[in-house]
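Colleague: I have a model open and would like to learn how to read it. Can we go through it feature by feature?

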Amino acid sequence: MKYQQTQLAKNSMLTLSVIALSLASSFAQAAMVETWTYSTNATYSNPSWSPADGIGDGVQTATASQLSWGARTGDFQNPSNNAANNRSALTVGNFITGTLVGNGQPATSAPGALKTDINGILVGNEIGKGISFTHWNNPLDSNFRTLTGATITDTLTLTPFSPTPGSAITGPTLTFQFKFRETPNAGGDGGTGRCADGSAGGACPDLFGFVGTNTVNNSFIYDGFKYYASVLTLNADGSLNSVGIGSLASGECSILGLDADSNSANGYQCFGFKTAESAHTTQYFGVAVSASPLSVPEPGVAALLGLALTGLGMSRMRKPAQKG
């Protein structure tokens, strides 16, 4: 009897030990990251230009943070009323500190804290401010060569901060091979009297479009947990405009020379932006990390969001006889 009692006591102790080890193991397991520190880095590369005709082609320049074209001595930030003296440009900059980066360096967002979204509703510090792109769309002499496309490479770096600090990891890197269309300041696109979206002609907006780059719910694994990184379109105050990037109309995709995207629906072929003539337009981008995939607007809603971007920026005096 005493032997049996001793054995039962040993078995009980063994059972308690197993339970204790199990609990210790569960507490030792990695927890989902609640807060990250982050930065985004964006660069331009591989620009293409309209064909040269040997007559007043102007000067084209390209750095990691700036693509510009037009008159040799022009200043795209301070255009004149003479299209023959102007330049236009695309620049990439930091969200908070301004629209330009000096010395041709990459644009890197100011490091910040980013909470992991767990319910699919992005609020507050679940929205991380990233970088900005500005199109300085000035009237240009029609003989100047213009940009027709380039590549944007955007890299996200994440560092776990809480509940357990960790080492920096490289998140999804997005590569946008975009097409660009510089439109005339009068008469519609191609002299048709209408813009590429079918609206009445005149000062049609310039167009940026791309296909094949997934900007929403790019998954990655950290410490056994799956997360999703998404590009956000933000307002100037850092609030959310939309998840992902809006669609362009099929006529706009066609004039850009972009084929239908196999992932598109309801007739929308490509994604991108429109920028007003004789203005500089800044588009702001952000980032989110979520524990589950974020919902994406229906294509029709995305198209409306894309249209809403037209006209952002500060208007300038127009020179209707030129392109810009």
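Colleague: Start with two residues. Are Trp69 and Phe180 buried or exposed?

Modeller: First, remember that this is a predicted model. Burial is read from relative accessible area, and under 20% counts as buried. Trp69 and Phe180 are both buried.

Colleague: How do the rings of Trp69 and Phe180 sit relative to each other?

Modeller: Look at the centres and the planes. The rings of Trp69 and Phe180 are 5.7 Å apart, centre to centre, with 65° between the planes. That pair is edge-to-face. Planes over 60 degrees apart get that label. Now place the residues: Trp69 is in strand β3 and Phe180 in strand β9, so the pair ties together parts 111 residues apart in sequence.

Colleague: Which aromatic cluster do they belong to?

Modeller: Trp49, Trp69, Phe178, Phe180 and Phe208 make up one cluster.

Colleague: How many aromatic pairs are there?

Modeller: The count is 14. Another of them joins Trp36 and Tyr222: their ring centres are 6.0 Å apart and their planes are at 65°, so this pair is edge-to-face. Trp36 belongs to strand β1 and Tyr222 to strand β11 (residues 218-222), 186 residues apart. Trp36 and Tyr222 are both buried.

Colleague: What does Phe178 touch?

Modeller: Leave out residues up to four places away in sequence. Then the list for Phe178 includes Leu90, Leu147, Ile152, Phe208 and Phe210.

Colleague: Now charges. How many salt bridges does the structure hold?

Modeller: Two. To find them, look for a Lys or Arg side-chain nitrogen within 4 Å of an Asp or Glu carboxyl oxygen. Asp197 and Lys274 meet at 3.4 Å, N to O. Asp197 is in the loop between β9 (169-181) and β10 (206-210), while Lys274 is in strand β15 (residues 270-275), 77 residues apart.

Colleague: What is the partner of Lys274 in the other bridge?

Modeller: Glu252, with the closest N and O atoms 2.9 Å apart. Glu252 lies in helix α2 (residues 250-255) and Lys274 in strand β15, so this pair ties together parts 22 residues apart in sequence. Shared partners join Asp197, Glu252 and Lys274 into one network.

Colleague: Why does Asp197 count as partly exposed?

Modeller: Because its relative accessibility is 34%. Lys274 counts as buried because it has 3%. Glu252, at 2%, also counts as buried.

Colleague: And the chain as a whole: how many helices and strands are there?

Modeller: Three helices and 17 strands. Of the 324 residues, 44% are buried. The chain exposes about 15600 Å², and carbon and sulfur atoms supply 55% of that. For contacts, take those with a separation of 6 or more: residues 24 or more positions apart account for 73% of them.

Notes:
Residues are numbered from 1 along each chain as its sequence is written. This is a predicted model: local features need pLDDT of at least 70, side-chain atom pairs count only at pLDDT 80 or more; totals for chains, interfaces and linings use all residues. Side-chain values use heavy atoms; hydrogens and water are left out. Helices (H or I, at least four residues) and strands (E, at least two) are DSSP runs, numbered from the N terminus. Buried means under 20% relative accessible area, exposed over 50%, partly exposed in between (1.4 Å probe, protein chains only). Contact means heavy atoms within 4.5 Å. Rings of Phe, Tyr and Trp (its six-membered ring) pair if their centres lie within 6.5 Å; planes under 30 degrees apart count as stacked, over 60 as edge-to-face and the rest as tilted. Accessible areas come from the Shrake-Rupley method with a 1.4 Å probe; for residues, only the protein chains shown count as cover.
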